[in-house]
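Colleague: I would like to learn how to read a model like this one, feature by feature. Please give the general idea each time, then the case at hand.

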Amino acid sequence: MSEKKSGKRPDGRAYNDMRPVKMQVGVLKHANGSAYVEFGKTHVYASVHGPKKVHPRHMEDGEKAILRCRYNMIPFSVNDRKRPGYDRRSVEIAKVISEALQPMVFLEEFPKSAIDIDLEITQADAGTRVAALTAASLALADAGIPMHDMVAAVAAGRANGEILLDLTKEEEDAKDAVDMPVAMAHRDNKVMLLQMDGDMSKEDLKQMLIVAKEGCSELAEMQKAALREKYKVE
Ligand code: CDP
């Protein structure tokens with residue numbers, strides 16, 4: 001664990017602290033699996049429907065299930081009302097989340113089927129893709145979809161010369177800001193997603209990976225606790 005240096009961030013967090021995290025599974029009555037996740041002021045719902053028949057039929061795969069992901073920020077999730085509907089950003093985020101989760105799911109057990117993951121950002125303050133990915137993994141587990149492993153995700157980055165974990169929008173808006181969303185598998189910390197935005201040195205990258213790994217490990221424990229809470233496994 002890297003040393004905690006406290007009280008330096010606008011919200012009083014140490015550089016390698018997460019924002020307050022909340023997780024709950026089974027929050028939606030009409031989904032096969034669901035989860036709600038908060039990273040500070042970033043709030044997300046994830047639902048899973050399936051495995052089910054594929055519509056349209058031409059999309060089905062005779063060998064395995066298809067995993068479809070939809071990401072949406074609702075109009076009142078951000079400061080300036082967001083125009084409803086999809087844009088390039090939401091399509092990109094859905095794609096990277098889906099690609100991070102596909103290797104985790106035993107898709108070959110459900111040929112000619114679809115598993116749909118819907119992600120709704122109800123409030124955004126940076127880190128929506130990582131909170132959504134963390135919630136999606138929980139919702140898949142809640143739906144009882146067989147998985148090799150689960151995934152936890154958080155952003156590491158840099159602002160005002162400091163390496164940070166779980167940046168807020170205010171921190172992401174710093175002049176020298178670097179944002180690096182990372183997702184890791186629980187068991188072996190295999191990197192399932194890594195994106196980068198901004199200029200960074202090799203040393204910055206190394207430090208960011210260290211804090212991201214710590215953050216993912218913390219989140220993995222919270223994910224397991226949230227599932228135990230619903231299923232009451234001691
Ligand atoms: O949310 P995430 O960090 O995964 O993705 P981003 O594209 O780097 O967006 C960072 C933040 O910018 C979001 O979490 C929102 O707080 C904000 N944003 C916004 O205010 N309006 C948008 N249309 C898109 C993003």
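Modeller: Start with alanine 14, which is found in the segment before strand 1. Helices (H or I, at least four residues) and strands (E, at least two) are DSSP runs, numbered from the N terminus. This is a predicted model: local features need pLDDT of at least 70, side-chain atom pairs count only at pLDDT 80 or more, and totals for chains, interfaces and linings use all residues. Residues are numbered from 1 along each chain as its sequence is written, and side-chain values use heavy atoms, with hydrogens and water left out.

Colleague: Is alanine 14 buried or exposed?

Modeller: Buried means under 20% relative accessible area, exposed over 50%, and partly exposed in between (1.4 Å probe, protein chains only). Alanine 14 has a relative accessible area of 2%, so it counts as buried.

Colleague: Which residues is aspartate 166 in contact with, leaving aside its neighbours within four places in sequence?

Modeller: Contact means heavy atoms within 4.5 Å. With those neighbours left aside, aspartate 166 is in contact with Arg9, Arg13, Asp17, Met18, Arg19, Phe39, Val154, Ala155 and Glu171. Aspartate 166 sits in the loop between strand 7 (162-165) and helix 3, and is buried, at a relative accessible area of 1%.

Colleague: How do I read the order of strands in an open sheet of 5 strands?

Modeller: Strands of a sheet pair through backbone hydrogen bonds, either parallel or antiparallel. Two strands count as paired if DSSP finds at least two bridges between them. Here the open sheet of 5 strands has the order 1-2-3-5-4, with mixed pairing. Strand 1 (21-25) and strand 4 (66-73) each have a single partner strand, so one side of each is left without a neighbour in the sheet. From one strand to the next, the twist averages 15°. Angles run from 0 to 180 degrees between N-to-C directions, and axes are lines fitted to C-alpha atoms, for helices over the stretch in contact. Within this sheet, strand 3 (residues 42-53) and strand 5 (residues 113-123) pair in the antiparallel sense over 9 bridges, and valine 48 stands opposite isoleucine 117 in strand 5.

Colleague: What is the order in the open sheet of 4 strands?

Modeller: That order is 7-6-8-9, with antiparallel pairing. Strand 7 and strand 9 are the edge strands, each pairing on one side only. Strand 6 (residues 151-159) and strand 7 are joined by 4 bridges, with arginine 158 opposite isoleucine 163 in strand 7. Strand 8 and strand 9 (residues 191-194) are joined by 3 bridges. Their hairpin has 5 residues between the strands, and there asparagine 189 takes a positive phi near 55°.

Colleague: Which strands does helix 4 lie across?

Modeller: Helix 4 (residues 202-231) lies across strand 1 and strand 2 (33-39), at about 35° to strand 1. Helix 4 also lies across strand 6, strand 7, strand 8 and strand 9, at about 145° to strand 6.

Colleague: Which residues of the lining are closest to the centre of the largest pocket?

Modeller: A pocket is found on a 1 Å grid over the protein atoms alone, as an open set of points where a 1.4 Å probe fits, with protein on both sides within 12 Å along at least five of seven lines; lining residues have an atom within 4 Å of a point. Of the 18 lining residues, Arg89, Ala126, Gly127, Lys169 and Glu172 are the closest to the centre.
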